[in-house]
Amino acid sequence: MNYIELVRVYLELEKTTKKLEKTDIIANFLKHVSGSEIKDVIYLLEGRVFPEYDERKIGMSSRLILKVISSSSGDSINDVEKLWKETGDLGKVAEQLMNKRKQMTLAKKELTVKKVIENIRKLSQFTGHGTVDKKINLISELLNSSGQEESRFIVATILEELRVGVSTGLIRDALAKAFDADVENVERAYNLTTDYGEVAELLKENGIKALEKISLKPGTPVKSMLAVLSESVEEAFEALGKPTQFEYKLDGFRVQISKDKDIKVFTRNLEDVTKQFPDIVKFVKENVKAKNFILDGEAVAYDKKTKKYLPFQTISQRIKRKYDIYEMVKKFPIELNLFDVVYSNGRNLINEPLLERRKVLEGITKQVPGKIILTKKLVTDDEKKAIKFFEESLNAGNEGVMIKNIDSTYVAGRYVNGWMKLKNILEPLDLVIVKAEYGEGKRAKWLSSFTISCKSGNELLEVGKVGTGIKEKGEGLTYNEMTKLLKPLIMHEDDKEVIVKPKIIIEVGYEEIQKSPSYSSGYALRFPRYLRRRDPEKSLNEINTIKDIEKIYNSQRAKKL
Ligand code: AMP
């Protein structure tokens, strides 16, 4: 297929913002794409050249593209740059300049979809010194045989800035329409493969029958099963039936560990983080005895001396880290908690009930505390025992508990009533506003971020900044009203920040209290949000004290149970 045919689709998609129209445009087009090309076409429609979970990156800078446009069009770097500044879009720059050149050269090779995607994929193979010329050649080859519109979309795809409004949801709907399939079934197939390119290929080859046969493939990630929020043990029992499985809810990060030939580690967003976590690979290699598998779990930062868990922030530094990996492994050790298995020894377990999956997991895993363990669990129908387990989990420093229906299958990628989460719900605090900051963009005219303090004797100590919970307009307190309240109280103004008389007292909700050097109290509220004004009925003397904060910090436990 010639690339221009796809470009015509992009142009049509650009003309409408209506989802239904976009779905029709894509569906009609897909009907005519061949089985050998549909995978690539789906990727290119989504503005990518690799599947979502693939760690390879195109990795081209705007600067380098600018150079290629200049050499392909014959215009000077300065001229290209000038036009870039004017339009703010290198794709459009390519379109304009290449067009000028095209009118001079008559012969033009036909550019195929295959050629475009192949050349762009190759860009990711070259990194480091001496590779610039190779990259330039690959792109020039495309631009030299493309017309003006093709140039624009090639550049946009390379820069990963294709903006034709095609979301994964739209691809799902278009595939369902083109092949007369159920949207739900198409989505299910995607949740198992994480690849609409592959789903499309299967549909093209075998029609909707193919969707039923789609299974898991160790080595490629599956969408993670997700949980809905529960307010209490009682509510969870009602929704999930009795007995249910309670598990510690750990404050680490979700990992999916997949073994085909090699072991790979994926995050909840299906990013491949195998390189960052050689320790996970090692623990699993040594202690999980199965030829192939897909495991689900949580990696938690672990203090080897105290044998206690550390908060998520500690481990978060390891996720993006690309160098000094082994130093990071030593500095921030983790304990891997496994709680599920969806594939093992060639057996697809996704449709098995939780109890069976857990049994398989227990059968293949050798637990080594400090390295790899199975998440602590309790299967019970007794509310008292459940609450005790919840408190035990909080006392161990966890976020709360996960509550799981013992008969539920593993429903990839969906919030269903199979799993629920119950977190510690903490008493809101009454705090006073001591500083505020003007916002950005359309909030520039309002004070939109508010530093809040608690009391310590006669002193006020800061515990965080609130911005959420206040509205731009409509019901409830607006930024405009808050700005009006605070303006007469301003004592000092420094650029965007103002210091105000401590008068406006607000009730603040939050998820957790953390130690933090950023605020004078030494503590910070995690995810603070404005709930309501308290100053009409509360005085400065009555706000929460540093002692209250310390107490809550020490016993972050539930109020609602
Ligand atoms: P949340 O991020 O609050 O929506 O809670 C869901 C997350 O909790 C999951 O994505 C996991 O990363 C994490 N989690 C911690 N412990 C467990 C557990 N025992 N079962 C499932 N998820 C868990």
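Reader: Which domains does the domain assignment give for the protein chain?

Author: The assignment lists domain 1 (3-158), domain 2 (226-423) and domain 3 (429-560); such bounds come from an automatic or database domain assignment. Between the C-alpha centres of domain 1 and domain 3 there are 48 Å. Before we go on, please note that this is a predicted model, where local features need pLDDT of at least 70, side-chain atom pairs count only at pLDDT 80 or more, and totals for chains, interfaces and linings use all residues. Residues are numbered from 1 along each chain as its sequence is written, and side-chain values use heavy atoms, with hydrogens and water left out.

Reader: How many helices and strands does the protein chain have?

Author: Helices (H or I, at least four residues) and strands (E, at least two) are DSSP runs, numbered from the N terminus. Here the protein chain has 21 helices and 21 strands, and its C-alpha trace spans about 85 × 65 × 45 Å along the principal axes.

Reader: Which residues of helix 4 are buried?

Author: Buried means under 20% relative accessible area, exposed over 50%, and partly exposed in between (1.4 Å probe, protein chains only). In helix 4 the buried residues are Leu64, Ile65, Leu66, Val68, Ile69, Ser70, Ser72 and Ser73. Over the 561 residues of the protein chain, 53% count as buried.

Reader: Where are Leu270 and Lys307, and what is phi for Leu270 and for Lys307?

Author: Leu270 sits in the loop between strand 4 (263-266) and helix 15 (278-287), and its phi is near 65°, a positive value in a residue other than glycine. Lys307 lies in the loop between strand 5 (293-303) and strand 6 (308-309); its phi is also positive, about 60°, although Lys307 is not a glycine. Leu270 counts as buried because its relative accessibility is 1%, while Lys307 counts as exposed because its value is 59%.

Reader: What joins Lys242 and Pro243?

Author: A cis peptide bond does, with omega about -10°. Pro243 belongs to the loop between helix 14 (233-240) and strand 2.

Reader: Which residues are closest to the ligand?

Author: A residue is near a molecule if one of its heavy atoms lies within 4 Å of it. Here 14 residues surround the ligand, and the closest are Glu247, Arg268, Glu298, Lys404 and Lys421. By class, this shell has five nonpolar, one polar and eight charged residues. In that scheme Ala, Val, Leu, Ile, Met, Phe, Trp, Tyr, Cys and Pro count as nonpolar, Asp, Glu, Lys and Arg as charged, and the others, Gly among them, as polar.

Reader: What lies 2.9 Å from a nitrogen atom of the ligand?

Author: For polar contacts, look for a pair of N or O atoms within 3.5 Å; within protein, one must be able to donate a hydrogen and the other to accept it, and residues adjacent in sequence count only if both atoms are side-chain atoms. The 2.9 Å case is a polar side-chain atom of Glu247. Polar side-chain atoms also lie by oxygen atoms of the ligand, at 3.1 Å for Lys249 and 3.0 Å for Lys423.
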